Structures are given as structure tokens and as C-alpha cells.
Amino acid sequence: PSHQRKRRIRFGTVLFRDYDIILGDHPCCSYGPPLTIDWDYHQCEPIDVDAYEFENALSRRTRREMRFNYYQRKKLLSGAGFT
């Protein structure tokens, strides 16, 4: 065809769910208590995708930073009432 339609994609809002962290049973956790998320969640208010990207542009974490060591997992579970 002599002219092509321009295709566009647009994103409006980002939806978040906030889950509690609970004691898990993942077999790959070789030392200390494993963590998992609970089934129940709190639905957070939608946020505009551009506002989200602007607010979080400098706070991205690497995979390594998202991994919890034994002491971090133990502290999280203790704070959630596990003994």
C-alpha cells in the first residue's frame, strides 16, 4: 500500500497488590527459613505509569539486591510473628 497506518501502543495505569510475606517451603533454600507470599493481598490504588516510572527510575534493584540472605529472612519472619 502507498500509506501505512501507524500503530501505537499506550499504557495508562499500573496496578499493585501488596502481599504478606510468610514462611515458605521452597526446596532451593538450602540454609535457613524460606520465604513466600501469602494468598491474600491488599489492592493498592492505581498509579499513572509515567508517574510510576518517574518515581522509581533511580531505585531499581538488581537480582542480587532482591535476594535475601539467612539473617534478612529470619528478621522478616520474626517481624511477622514467626518464632
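**Getting to know this chain**

Q: Where is the place of phenylalanine 68?
A: This is a predicted model, in which local features need pLDDT of at least 70, side-chain atom pairs count only at pLDDT 80 or more, and totals for chains, interfaces and linings use all residues. Residues are numbered from 1 along each chain as its sequence is written, and side-chain values use heavy atoms, leaving out hydrogens and water. Helices (H or I, at least four residues) and strands (E, at least two) are DSSP runs, numbered from the N terminus. With that sorted, you'll find phenylalanine 68 in the loop between α2 (63–66) and α3 (70–79).

Q: Is phenylalanine 68 buried, partly exposed or exposed?
A: Buried means under 20% relative accessible area, exposed means over 50%, and partly exposed is in between (1.4 Å probe, protein chains only). Phenylalanine 68 has a relative accessible area of 36%, so it counts as partly exposed.

Q: Which residues make the nonpolar surface patch of about 310 Å²?
A: Patch residues have over 30% relative accessible area and no salt bridge; like charges are joined within 9 Å, nonpolar side chains (Val, Leu, Ile, Met, Phe, Trp, Tyr) within 5 Å. Areas come from the Shrake-Rupley method with a 1.4 Å probe, and for residues only the protein chains shown count as cover. The patch is the work of Ile21, Ile37, Phe68 and Leu76.

Q: What pattern does the protein chain follow along the sequence?
A: The protein chain has 3 helices and 4 strands. Reading along the sequence, you get β-β-β-β-α-α-α.

Q: What is the radius of gyration of the protein chain?
A: The radius is taken over C-alpha atoms, and the globule rule is 2.2 Å times the number of residues to the power 0.38. For 83 residues that rule gives 12 Å, and the chain is well over this, so it is more spread out than a compact globule, at 20 Å.

Q: How many disulfides does the count come to?
A: A disulfide is a pair of cysteine sulfur atoms within 2.5 Å. Take cysteine 28: its closest cysteine sulfur, in cysteine 29, is 8.9 Å away, so that's too far for a bond. The count comes to 0.

Q: Which side chains meet in a salt bridge?
A: A salt bridge is a side-chain nitrogen of Lys or Arg within 4 Å of a carboxyl oxygen of Asp or Glu, and the structure holds 1. At 2.6 Å, N to O, the side chains that meet are those of glutamate 53 and arginine 60.
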